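Open the model in a viewer and keep the selection panel at hand.

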Amino acid sequence: MTSESRTIAVANQKGGVGKTTTAINLGAALAELGRRVLVVDMDPQANATTGIGLDPRELTVSVYDVLLDGKSMADCIVPTSVEGLMAVPSHLDLAGAEIELQSAFNRERRLANALSTVSDEFDYLFVDCPPALGLLAINALTAVREVLVPIQCEYFALEGLAQLSMHVDQIRRHLNPDLSVSRLLLVMYDGRTNLSRQVSQEVRALYDNRVCRTVIPRSVRLAEAPARGMPITVSSPRSRAALTYRILAKEFEANGTR
């Protein structure tokens, strides 16, 4: 592992495809390997915040304070129950940030500037993106070098990917020349169905080596873990889903570029 951190936005223009699940559980699995991991919740719904075990109503700081009030990122980082896994939580106030940022100075680079002050303290920084292509998503994509795209193994799996790729290209040209879609992750995979196998084959045929070898299975325990406020590696550590995320973490370690 080199000293340079990896900054990764977890993004997909479709909702309900496992962005938050991926950010939380891949982050937790990497922390298990001894890595220092930060998850930044940029979604006003705050699902990553609650899914990682934090209550937005009880927190005095959030990413909103970083983006709109100029609070330092270091002051908004809070620990989680997983050793090595830290978080910058979201808050319902973030729902109004799209409008408030419209007139803000340097509005697209607020998160990038803040993350740069703490990036040396972590090996991995994951930004959980909202599904909408607004200023929150632009801030996320301007602040990172990589985009990890979870792709659901169901009908219309690639819906939104072309739009996201176009958006990434625009941001690379105008705001962040280092940005690239580095990894696609197949999620909610059910090997018993022809549909999952067909989607997997189609995605691999189109995107080849950018698709993670590891495939995340459809899992009731994985779906239930956020309600418990724990990553799957904590709530059901011996489950197939937990094992799969640990394998994915090792794949990231072996094949990632920093």
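Select V39 and F126: V39 stands opposite F126 in β5. Strands here are DSSP runs of E with at least two residues, helices are runs of H or I with at least four, and both are numbered from the N terminus. This is a predicted model, in which local features need pLDDT of at least 70 and side-chain atom pairs count only at pLDDT 80 or more, while totals for chains, interfaces and linings use all residues. Residues are numbered from 1 along each chain as its sequence is written, and side-chain values use heavy atoms, with hydrogens and water left out.

**The sheet around β5**

V37 is placed opposite Y124 of β5. On strand β1 (residues 6–10) there are again five bridges to β5, and the two run parallel. Pick A9 there, and its bridge partner in β5 is V127.

Now colour strand β5 (residues 124–128) by accessibility. Five of its five residues are buried, where buried means under 20% relative accessible area, exposed over 50%, and partly exposed in between, with a 1.4 Å probe and protein chains only. Which way do its side chains point? Y124, F126 and D128 point one way, L125 and V127 the other, and all are buried.

Zoom out to the whole sheet. Seven strands make an open sheet of mixed pairing, in the order β3-β4-β2-β5-β1-β6-β7. β3 and β7 (180–187) are at the edges with a single partner strand each, so one side of each has no neighbour in the sheet. Two strands count as paired if DSSP finds at least two bridges between them.

**Helix α1**

Select α1 (19–32). Its 14 residues should span 20 Å at 1.5 Å a residue, and its end C-alpha atoms are 20 Å apart, which agrees. The expected span is 1.5 Å times one less than the number of residues. Twelve of the 14 residues in α1 are buried, so the helix is mostly covered. Among them are K19, T20, N25 and L30. After α1 comes G34, with a positive phi near 95 degrees.

**Loop residues**

Go to A46, in the loop between β2 and α2 (47–51). A46 is not a glycine, yet its phi is positive, about 60 degrees. With 3% relative accessibility, A46 counts as buried.

Next, select M188, in the loop between β7 and α8 (194–207). M188 is also a residue other than glycine, and its phi is positive, near 55 degrees.

Then take D75, in the loop between α3 (63–69) and β3 (78–79). Is D75 buried or partly exposed? D75 counts as partly exposed, at 48% relative accessibility. Draw a C-alpha to C-alpha distance from D75 to D65: the two are ten residues apart in sequence and 9.6 Å apart in space.

**Pockets**

Rolling a probe the size of a water molecule over the atoms shows where empty space is left. A pocket, on a 1 Å grid over the protein atoms alone, is an open set of points where a 1.4 Å probe fits, with protein on both sides within 12 Å along at least five of seven lines; lining residues have an atom within 4 Å of a point. Grid points are joined across faces, edges and corners, and a volume is the space filled by probe spheres set on them.

The largest pocket holds about 390 Å³. Of its 23 lining residues, select G16, V17, G18, T21 and M188, which lie nearest its centre. The elements giving two or more residues to this lining are α1 and α9 (220–228). The lining has eleven nonpolar, nine polar and three charged residues. Nonpolar covers Ala, Val, Leu, Ile, Met, Phe, Trp, Tyr, Cys and Pro; charged covers Asp, Glu, Lys and Arg; the others, Gly among them, are polar.

The second largest pocket has a volume of about 250 Å³. It is lined by 15 residues, with T7, A112, S116, S119 and A143 closest to its centre. Helix α5 (residues 110–116) gives the most to this lining, four residues. The classes here are four nonpolar, seven polar and four charged.

**Cysteines**

Last, select the cysteines. How many disulfides does the structure hold? It holds zero, a disulfide being a pair of cysteine sulfur atoms within 2.5 Å. The sulfur of C76 is 18 Å from the closest cysteine sulfur, in C129, which is too far for a bond. C76 is buried, at 0% relative accessibility. For C212, the closest cysteine sulfur is in C153, 12 Å away and too far for a bond. C212 is buried, with a relative accessible area of 0%.
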